[in-house]
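Q: I have a model open and would like to go through its main features. Could we start with the pockets?
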Amino acid sequence: MSKGVYLGIDVGSVSTNVVLMDKDKNLLEKHYIRTHGRPIDAVKKGLESIKGFCSDKKVLGVGTTGSGRKLAAQMVGADVVKNEITAHAMAALSYNEKVQTVLEIGGQDSKIIILRDGIVTDFAMNSVCAAGTGSFLDQQASRLGIKIEEFGPLALKSNVELRIAGRCSVFAESDMIHKQQMGNHITDILAGLCTALVRNYLNNLGKGKDIQGPIMFQGGVAANPGIVKAFEKELNHKILIPEHFDVMGAYGSAILALLLEDKGSGSIFNGFGAVEDDFSPSSFICQDCGNGCEVVELYRNGAVNGTWGDRCGKYQNKIQQKTS
């Protein structure tokens, strides 16, 4: 008898994460794929990477999230399509149901989620300023000639409180170069950059938020112990890091698919045929009313497979009528 599994896909601008989970919420497989501006190829690679693992298993539910969640949903046939706030909150609560604050920093965006009694009561996202994201750390590591994996451990060796301007990535670079020219040690500069990122994060996303413990930190930047230490110092609170901190969005999506399946809803998963099919997106501005919606059409092997972006649902409904 085949075993049931749940598929979660998180399509972001930097990475596309794909996970497989069993009915007990155990993560069976996880894959991190660089999106490289080609989300269709990234989703295909993700499906290809787990296809063999699913040969004796049945996919009972699929969830998608991230900035490319609608695209991925149309490609694979997703049962649940949710934003990143919902997916990350669900994943955090599965690790610790008492969590009250979720800090999340990815490659190009960051977010804070305030939870009370397992319910999202407040949140903020930052998808504009690079100074508070992983790309900021990548850039500075590159400038200093070190691997990003060495960033955190080296920062922990510092005992000096070096202040670096972190409000803007341009100012941070300029200030960092100035500190180098003054002869500061690289470990102190790295520690200063960690503190700058955390200060920038809290000043932007955390401003006015009721940050209480337990506090969970997730996203790829949670791998940096220098950032963790800086958060603990600024917040004066222990920071929890979940085991699969790097794929929590995809994991939360898989949990949402599980919850839907528990209600008796059958999955609309298309299978792994998407790996072989040809997908191409197109878009147009609808002129039928003053909204001027940008409507996206996804073609699968030359035929329209999905449509989204229209506020009134006119084009989406046409696709649903054709497929029903």
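Q: What volume does the largest pocket have?
A: In this predicted model, the largest pocket has a volume of about 910 Å³.

Q: Which residues are the closest to its centre?
A: They are Tyr-32, Gly-106, Gly-107, Gly-220 and Val-221, out of 41 residues that line the largest pocket.

Q: And how do the residues of that lining divide by class?
A: The lining of the largest pocket comprises 15 nonpolar, 17 polar and 9 charged residues.

Q: Which element gives the most to the lining?
A: Helix H5 does, with 5 residues. H5 covers residues 148–156. Other elements that each supply at least two lining residues include strand E1 (3–11), strand E2 (15–21), strand E3 (27–34) and helix H3 (84–95).

Q: Staying with H3, at what angle do H3 and H9 pack?
A: The angle is about 85 degrees, and the axes of H3 and H9 are 7 Å apart. H3 is therefore roughly perpendicular to H9.

Q: Which residues meet there, H3 with H9?
A: From H3, the residues are Thr-86, Ala-87, His-88, Met-90, Ala-91, Ala-92, Ser-94 and Tyr-95. In H9, they meet Met-248, Gly-249, Tyr-251, Gly-252, Ser-253, Ile-255, Leu-256 and Leu-259. By class, this contact of H3 with H9 has 10 nonpolar, 6 polar and no charged residues.

Q: Now for H1 and H2: at roughly what angle do their axes cross?
A: The axes of helix H1 (residues 39–51) and helix H2 (residues 69–76) cross at roughly 50 degrees and come within 10 Å. That angle makes H1 oblique to H2.

Q: Is that crossing left-handed or right-handed?
A: The crossing of H1 and H2 is right-handed.

Q: What meets what in that pair, H1 and H2?
A: Pro-39, Ile-40, Val-43, Lys-44 and Leu-47 in H1 are in contact with Leu-71, Ala-72, Met-75 and Val-76 in H2. The contact of H1 with H2 has 8 nonpolar residues, no polar ones and 1 charged residue.

Q: Changing topic to the backbone: is the peptide bond from Gly-213 to Pro-214 cis or trans?
A: The bond from Gly-213 to Pro-214 is cis, with omega near -5 degrees.

Q: Where does Pro-214 lie?
A: Pro-214 is in the loop between helix H7 (186–204) and strand E9 (215–218).

Q: One last point: is the phi of Asn-236 positive or negative?
A: Asn-236 has a positive phi, about 55 degrees, although this residue is not a glycine. Asn-236 is located in the loop between helix H8 (225–235) and strand E10 (239–240).

Terms used:
Residues numbered from 1 in each chain as written. Predicted model: local features only at pLDDT ≥ 70, side-chain atom pairs only at ≥ 80, totals over all residues. Heavy atoms only, no water. Axes fitted to C-alpha atoms, helices over the stretch in contact; angles between N-to-C directions. Helix = DSSP H or I, 4+ residues; strand = E, 2+ residues; numbered from the N terminus. Parallel < 35°, antiparallel > 145°, perpendicular 65-115°, else oblique. Left-handed = near helix turned anticlockwise from the far one by under 90°. Contact = heavy atoms within 4.5 Å. Nonpolar A, V, L, I, M, F, W, Y, C, P; charged D, E, K, R; others polar. 1 Å grid on protein atoms, 1.4 Å probe; cavity = no way out; pocket = protein on both sides within 12 Å on 5 of 7 lines; lining within 4 Å. Points joined across faces, edges and corners; volume = space filled by probe spheres on them.
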